[in-house]
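Here is a short note for someone opening this model for the first time. Please keep the structure in view while reading the numbered points.

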Amino acid sequence: MPLSEHEQRLFEQIERSLAEDPKFASAVRSTDPRFHARRRMIIAGLVVVAGLALVVWGAIDGNTLIGVAGFVVMLAAAAFAIQSQRRAHNRELRAVDGTAARRVRSGGARSSGGLLSRLEQRWRDRPEGRF
């Protein structure tokens with residue numbers, strides 16, 4: 001249902017006032033999981049580079065303990081980055097103040113089961129006389 005001209009003007013005015021409010025923008029940004037995930041990914045990338053530097057330093061110095069420690073640091077940072085990326089793609093909606101949360105399902109009601117339940121549902125939904 002389209003909005004009337006008066007409602008559109010009010011909506012645009014509200015949009016402008018919210019866009020100009022730095023306090024609101026920081027509140028929305030602070031609760032956005034993608035913002036935090038991006039920051040974590042950058043930190044994880046820097047730690048991976050530091051771990052690589054430790055590996056190279058351990059190889060040049062001939063100290064295997066430093067090289068192994070660098071590899072462990074790189075592995076932990078990569079795991080942290082993967083976890084952050086998964087959190088960024090989490091399909092959870094939150095209110096700005098963080099009080100309400102709701103899960104959003106993708107693919108409709110059929111995707112609640114696994115592969116076998118989807119195959120069974122397709123078999124049941126097939127046209128009669130075909131198999």
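1. Aromatic pairs. A search of the whole structure turns up 0 aromatic pairs. Such a pair needs ring centres of Phe, Tyr or Trp (its six-membered ring) within 6.5 Å; planes under 30 degrees apart count as stacked, over 60 as edge-to-face and the rest as tilted. A pair of aromatic rings is described by the distance of the centres and the angle of the planes.

2. Ground rules. This is a predicted model, in which local features need pLDDT of at least 70, side-chain atom pairs count only at pLDDT 80 or more, and totals for chains, interfaces and linings use all residues. Residues are numbered from 1 along each chain as its sequence is written, and side-chain values use heavy atoms, with hydrogens and water left out.

3. Overall layout. The protein has 5 helices and 2 strands. From the N terminus, the order is α-α-α-α-β-β-α. Helices (H or I, at least four residues) and strands (E, at least two) are DSSP runs, numbered from the N terminus.

4. Surface and burial. Of the 131 residues in the protein, 8% are buried. Buried means under 20% relative accessible area, exposed means over 50%, and partly exposed lies in between (1.4 Å probe, protein chains only). The accessible surface comes to about 11000 Å², and 61% of this belongs to carbon and sulfur atoms. These areas come from the Shrake-Rupley method with a 1.4 Å probe; for residues, only the protein chains shown count as cover.

5. A charge over a ring. Which ring does the charged end of Arg126 sit over? It is the ring of Trp123, with 3.8 Å to the ring centre. The criterion is NZ of Lys or CZ of Arg within 6 Å of the ring centre and within 35 degrees of the ring normal.

6. The salt bridge. Side chains of opposite charge can pair when their charged atoms come close. How many salt bridges does a search of the whole structure find? The search finds 1. A salt bridge is a side-chain nitrogen of Lys or Arg within 4 Å of a carboxyl oxygen of Asp or Glu. Arg124 pairs with Glu120, and their closest N and O atoms are 3.5 Å apart. Both residues lie in helix α5 (residues 115–125), 4 residues apart, about one turn of the helix. Arg124 is exposed at 53% relative accessible area, while Glu120 is partly exposed at 45%.

7. A nonpolar patch. Val68, Phe71, Val72 and Leu75 make a nonpolar surface patch of about 400 Å². Patches take residues with over 30% relative accessible area and no salt bridge; like charges are joined within 9 Å, and nonpolar side chains (Val, Leu, Ile, Met, Phe, Trp, Tyr) within 5 Å. Phe71 belongs to helix α4 (residues 64–88). Its relative accessible area is 49%, so Phe71 counts as partly exposed.

8. Is Ser84 buried or exposed? Ser84 is buried, at 2% relative accessibility. This residue is in helix α4. Beyond its neighbours within four places in sequence, Ser84 is in contact (heavy atoms within 4.5 Å) with Ala37, Arg40 and Met41. Gln85 is also found in helix α4, but is partly exposed at 41%. Gln85 and Met41 are 44 residues apart along the chain, and their C-alpha atoms are separated by 7.4 Å.

9. Val56. Val56 lies in helix α3 (residues 33–61) and is partly exposed at 42% relative accessibility. Val56 and Ile66 are 10 residues apart in sequence and 9.0 Å apart, C-alpha to C-alpha.
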